[in-house]
Amino acid sequence: MCGIVAYLGKKPAQPILVEGLKRLEYRGYDSAGVALLRSGAIRVQKTKGRISTLEEILDPPADTDTLGIGHTRWATHGEPNTINAHPHLDYTGKIAVVHNGIIENYATLKTWLQNEGVEFVSQTDTEVVANLIGWFYAKQNGESGPNKFEWAVQKALRELHGAYGLAILCADYPDTLIGARNGSPLILGVGSSEYILASDAAAIVEHTTQAIYLANNEMVTVTPGAFSTKTIENVTIAKDLKEIEFSLEQIELGGFQHHMLKEIFEQPSVLTTCMGGRIDRANNRIKLGGIEAHLRELTRTKRFIMTACGTAFHAGLVGEFIFEQIARIPTETEYASEFRYRNPIIEDRTVVIAISQSGETADTLAAVEQAKERGATVLGIVNVVGSSVARATDAGVYLHVGPEIGVASTKAFTAQVTVLAMLAIELGRRRHISSSDADTYIEELVRIPEKIQSILDQSDHIRQIASANANEENWLFLGRGLNYPVALEGALKLKEISYIHAEGLPAAEMKHGPIALIVDGMPAVFIATEGPQYDKIMGNIEEVRARGGRTIVVATEGDENIKNHADYLIQVPKTPEIFQPLLTVLPLQLLAYHAAVIRGHDVDKPRNLAKSVTVE
């Protein structure tokens with residue numbers, strides 16, 4: 001959530017800040033601003049609304065302004081307006097701060113500062129950070145010279161409770177940029193005679209592929225030609241430069257109208273990459289290097305708990321079915337936001353699997369920490385290399401699908417399911433299934449990308465279905481078994497980007513209340529592929545048709561019978577039931593995308609949403 005970009009180098013900072021903020025728009029925001037150090041003073045310009053609105057009010061860039069910070073804000077404390085937008089100046093005008101996260105004790109600190117005579121102008125917790133640093137800077141005892149700014153920041157950070165990613169300027173230090181992190185990601189890109197501090201590598205890759213990743217309670221002080229890293233307790237630490245694993249090309253639109261559409265169409269290639277090097281056909285084995293050392297322990301696991309939020313939670317639900325069916329190990333899936341606040345039972349030989357595209361989801365990270373405290377082995381399935389969940393877990397598997405820019409997750413979902421399927425097959429092979437069964441599963445899994453392509457080829461047909469139904473404000477999504485989580489995911493996608501109210505249900509549960517909602521013309525999306533519950537879901541379809549509902553049916557190719565029961569039909573290739581979600585979710589992704597475009601919404605920047613939810 002939110003986005004930070006800061007620059008120190010030899011080039012004009014403002015264009016780099018603005019371009020970096022545009023690269024972070026997908027994270028979600030409601031206001032934007034920049035602060036530049038100019039002639040010994042800090043110049044702040046900010047506004048409610050889009051970055052394009054900010055560009056309209058910015059001064060022309062100056063060659064001498066080579067140090068600055070920028071921010072896109074997603075409101076938590078204080079309404080989205082210009083006053084509450086970042087950057088925030090302290091009461092002396094010498095300190096400027098941009099901040100991601102939430103300061104939990106801001107009210108106490110604000111009261112104390114007000115009693116000290118400090119005046120506030122905004123409703124934000126971030127202004128407390130700026131004023132606290134400013135107060136220590138103005139009132140310091142004994143510290144002076146080159147360490148005074150850094151000292152004041154450290155003193156302030158030790159008083160903060162909560163999550164923060166910070167970039168900080170001081171008017172008295174025209175060649176110094178400070179960044180700090182606790183719970184909210186922060187990366188320093190190291191280029192040739194320039195540095196870019198950002199909350200996301202997307203703002204960095206245009207300038208350099210070399211970066212350091214700050215860990216919790218760490219800070220970095222950047223000066224021309226050098227940087228130093230310390231803990232907030234002033235203990236010097238060494239950080240290795242890491243290679244950013246994706247390129248600028250991967251975050252560009254590449255001829256597509258939206259990032260979401262691009263990412264939907266990337267799924268055949270990225271799933272091939274996700275499986276690449278991990279499937280040993282010669283020995284019917286799957287090699288997941290990140291967890292290889294733990295496979296013996298995993299094979300003896302008594303119980304798996306999947307924990308995640310949003311789309312990743314739905315992937316976990318699919319994984320639950322697959323684990324129990326192939327590996328024959330009891331598995332349950334829990335919302336991380338609920339898991340972290342209750343008293344979960346973690347028995348001996350329990351393994352927790354945390355699933356998160358970004359690896360920065362606050363609730364999922366907190367669930368990881370709780371599971372570790374209770375003695376569980378914790379695995380991570382994440383996409384972003386070096387992310388918080390990846391570092392906090394005992395071991396894990398990266399998705400390797402490249403950056404996902406669209407707020408509505410698509411390729412990450414199918415990759416998460418693919419990784420869970422690979423893990424289940426390997427555990428099943430080690431526990432009880434035959435080599436021939438393992439070979440069959442592997443063969444069917446590697447054929448999924450080509451089958452996905454045949455669904456993508458129906459995009460125009462799916463757009464026509466969306467066009468005929470996009471004006472309806474209430475939809476149902478219904479599935480059984482493995483396709484019940486797909487129904488949940490389809491409803492979520494439609495809600496996220498088209499703002500249509502949609503409800504995902506197990507099809508049999510429709511009779512236990514929701515059937516009362518069905519009126520003439522109401523769209524009901526059924527996932528009715530061939531499988532053991534096919535006849536049951538056919539009955540559910542007829543129950544909707546009898547009450548005037550409009551049926552949009554995702555069915556298996558070659559199913560002639562279904563044509564008599566569907567007002568709109570979308571066909572997917574045959575595949576074993578356990579892999580059907582990898583196919584049946586594609587029409588629902590396209591249906592949501594086309595409905596949102598038809599309704600005139602900004603698909604990549606849906607209202608009120610952020611790509612990575614790094615605060616509660």
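Is Arg158 buried, partly exposed or exposed, judged by its relative accessibility?

Modeller: Before the details, please note that this is a predicted model, in which local features need pLDDT of at least 70 and side-chain atom pairs count only at pLDDT 80 or more, while totals for chains, interfaces and linings use all residues. Residues are numbered from 1 along each chain as its sequence is written, and side-chain values use heavy atoms, with hydrogens and water left out.

Arg158 counts as partly exposed, at 34% relative accessibility; here buried means under 20% relative accessible area, exposed means over 50%, and partly exposed is in between, with a 1.4 Å probe and protein chains only. Arg158 has a partner in Glu233, with which it forms a salt bridge whose closest N and O atoms are 3.6 Å apart. Glu233 lies in the loop between strand S13 (226-231) and strand S14 (236-237), and Arg158 in the loop between helix H5 (148-157) and strand S7 (164-170), so the pair ties together parts that are 75 residues apart in sequence. The term salt bridge stands for a side-chain nitrogen of Lys or Arg within 4 Å of a carboxyl oxygen of Asp or Glu, and helices (H or I, at least four residues) and strands (E, at least two) are DSSP runs, numbered from the N terminus. As a general point, side chains of opposite charge can pair when their charged atoms come close.

By this rule the count comes to 33 salt bridges, and two others lie within single helices. In helix H1 (residues 13-23), Glu19 and Arg23 are 4 residues apart, about one turn of the helix, and their side chains meet in a salt bridge at 3.4 Å, N to O. Glu19 counts as partly exposed, at 28% relative accessibility, whereas Arg23, at 16%, counts as buried. In helix H16, Arg463 and Asp460 are 3 residues apart and so separated by about one helical turn, and their side chains meet in a salt bridge at 2.5 Å, N to O. Both are partly exposed, Arg463 with a relative accessible area of 36% and Asp460 at 47% relative accessibility. An α-helix has 3.6 residues a turn, so residues three or four places apart point the same way.

Beyond these pairs, there is also a network of salt bridges, which links Arg285, Glu292, Glu426, Arg429 and Arg430.
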